[in-house]
Every structure is written in structure tokens, then in C-alpha cells.
Amino acid sequence: MVGLIIVAVILVLIAIYVVIYNGLVKSRMYTQEAWSQIDVQLKRRTDLIPNLVNTVKGYAKHEKSTLAEVISLRNQLTQVPSGDHQQAMAVSDQLTNSLKSIFALAESYPDLKANQEFGKLMEELTNTENKIAYSRQLFNSSAASYNMKLQQFPSNIIAGIHHFKDVEFLTVPEAEKTASTVSFED
């Protein structure tokens, strides 16, 4: 009878171990999948940029520095190592700011603003930027859930045994945390 109880306790402990381990793997996979969603949107944006630049070139010939910066940042983003999430987001944030400059060009060039292809590209890029922002939130939520499991008892013991590592949150660069000044003067 005692032997049966010991076997039952061992089976319960093994079952608990397996459930916790599988929960950690599942959380890690959700975090990786969330990053994959960001990566997909970054790729989508880099694919749209050449079309946008070509459309703008014809209208804004003396805005070459803005276009060159966008192209340079796009190329940098494609060269970021796949595991370096922070660097990818840093370059992505710079690219977002440069794209805002191109969108602002439309105000200076009414013909560009009226161009249907430019309008479609702006809409696509705006939608993509929104998807990137949402995907960043999803990644950070997934990372928080995963990191909590790594720190909670008893999963922290199993995580240590199997060398599960914390995932860094995607952060906003310090320069972007400060609010821009608003003025009502002309």
C-alpha cells in the first residue's frame, strides 16, 4: 500500500513538472510568435518604401536628403541581425520618424498630395505603422507573461533547470519620451 502511494505521489510530481515545463515552452513560443508579427510588419514596410520613394522622387526633386535618409534606414533595418530586437526597433523608430518627413512633404507639394498612388502608399504605410505599434504591445505583453512565469515558484525552479532566459521588453527611446512643445503662435 505504501509503495502504491509513493508511485502515485511520484506520478503526480512528474505530471506537475510536465505541466509547468510545457507552460514555460508555450509562453516562450507566444513571445517568439509576437516578435515574428513585428518582423512581418517591418518587412511589409521595407517592401513599401521603394515604391513610396519612387513616387515622391518625381515631385520633390530637391528633397533628396530626406529620401536618402529613408533609403539608408530601410537598408540598415534589413541588415539588423534577426535576434537583436532592440536594434531593430531603434532603427525602425528612426525610419518611422523619417517617413513622417515624407508624409509632411505632401503638404508642400499639392500635386504629390493629389497623386492616387502616393495616397495609397501613405495609407498602407500608416496601417503598417499601426500594426507595428500593436505588435509591439503584444510582444511586451507576451514577454511580461513569460518573464513572470520565469520568476514565480515553482516554475522558476524548472526554468532554471532548463536554462530559460528572460526576454527584454521593447522600449521607447528616451528622446521620444519627452513631449514635443506646442505653440499657438504663427
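In this predicted model, the largest pocket holds about 280 Å³ of space. Its lining is made up of 15 residues, and those that lie nearest its centre are His85, Phe139, Asp166, Val167 and Glu168. Three helices, α1 (residues 2–57), α3 and α5 (residues 116–151), each give at least two residues to this lining. The largest share is that of α1, with 4 residues. Sorted by class, the lining of the largest pocket has 5 nonpolar, 5 polar and 5 charged residues.

The second largest pocket has a volume of about 220 Å³. It is lined by 13 residues, of which Asp39, Leu42, Leu77, Thr78 and Val80 are the closest to its centre. Here α1, α2 and α3 each supply at least two residues of the lining. Again α1 gives the most, this time with 5 residues. The lining of the second largest pocket divides into 6 nonpolar, 4 polar and 3 charged residues.

Two packed helices are described by the angle between their axes and the distance between the axes. The table lists these two values for each pair.

| Helix pair | Angle between axes | Distance between axes |
|---|---|---|
| α1 and α2 | about 160 degrees | 10 Å |
| α1 and α3 | about 30 degrees | 11 Å |
| α2 and α3 | about 155 degrees | 9 Å |

How do α1 and α2 run relative to each other, roughly parallel or roughly antiparallel? Their axes meet at an angle of about 160 degrees. Angles over 145 degrees count as roughly antiparallel, so α1 is roughly antiparallel to α2. The crossing of α1 past α2 is left-handed. On the α1 side the contact is made by Leu42, Arg45, Thr46, Ile49, Pro50, Val53, Val56 and Lys57, and on the α2 side by Leu67, Val70, Ile71, Arg74, Leu77 and Thr78. This contact of α1 with α2 has 9 nonpolar, 2 polar and 3 charged residues. Two of its residues, Leu42 and Leu77, were named above among those closest to the centre of the second largest pocket.

Helix α2 covers residues 64–79 and helix α3 covers residues 85–108. With an angle of about 155 degrees between them, α2 and α3 are therefore roughly antiparallel to each other. Helix α2 passes α3 in a left-handed crossing. From α2, the residues in contact are Thr66, Leu67, Glu69, Val70, Leu73, Arg74, Gln76 and Leu77; from α3, they are Ala88, Val91, Ser92, Gln94, Leu95, Ser98, Leu99, Ser101 and Ile102. By class, the contact of α2 with α3 consists of 9 nonpolar, 6 polar and 2 charged residues.

For α1 and α3, the angle is about 30 degrees and the axes are 11 Å apart. Helix α1 passes α3 in a left-handed crossing. Trp35, Ile38, Leu42, Arg45, Ile49, Leu52 and Val56 of α1 touch His85, Ala88, Met89, Ser92, Leu95, Thr96, Leu99, Ile102, Phe103 and Leu105 of α3. The residues of this contact of α1 with α3 divide into 13 nonpolar, 3 polar and 1 charged. His85, which takes part in the contact with α1, is also one of the residues nearest the centre of the largest pocket.

Which residues are joined by a cis peptide bond? They are Phe153 and Pro154, with omega at about 5 degrees. Pro154 has its place in the loop between α5 and α6 (residues 155–161). The other detail concerns His163, whose phi is positive, at about 60 degrees, although His163 is not a glycine. His163 is found in the loop between α6 and α7 (residues 174–177).

Note on methods: Residues are numbered from 1 along each chain as its sequence is written. This is a predicted model: local features need pLDDT of at least 70, side-chain atom pairs count only at pLDDT 80 or more; totals for chains, interfaces and linings use all residues. Side-chain values use heavy atoms; hydrogens and water are left out. Axes are lines fitted to C-alpha atoms, for helices over the stretch in contact, and angles run from 0 to 180 degrees between N-to-C directions. Angles under 35 degrees count as roughly parallel, over 145 as roughly antiparallel, 65 to 115 as roughly perpendicular and the rest as oblique. A crossing is left-handed if the near helix is turned anticlockwise from the far one by less than a right angle, and right-handed if clockwise. Contact means heavy atoms within 4.5 Å. Ala, Val, Leu, Ile, Met, Phe, Trp, Tyr, Cys and Pro count as nonpolar, Asp, Glu, Lys and Arg as charged, and the others, Gly among them, as polar. On a 1 Å grid over the protein atoms alone, a cavity is a set of points where a 1.4 Å probe fits but cannot get out, and a pocket is an open set with protein on both sides within 12 Å along at least five of seven lines; lining residues have an atom within 4 Å of a point. Grid points are joined across faces, edges and corners, and a volume is the space filled by probe spheres set on the points.
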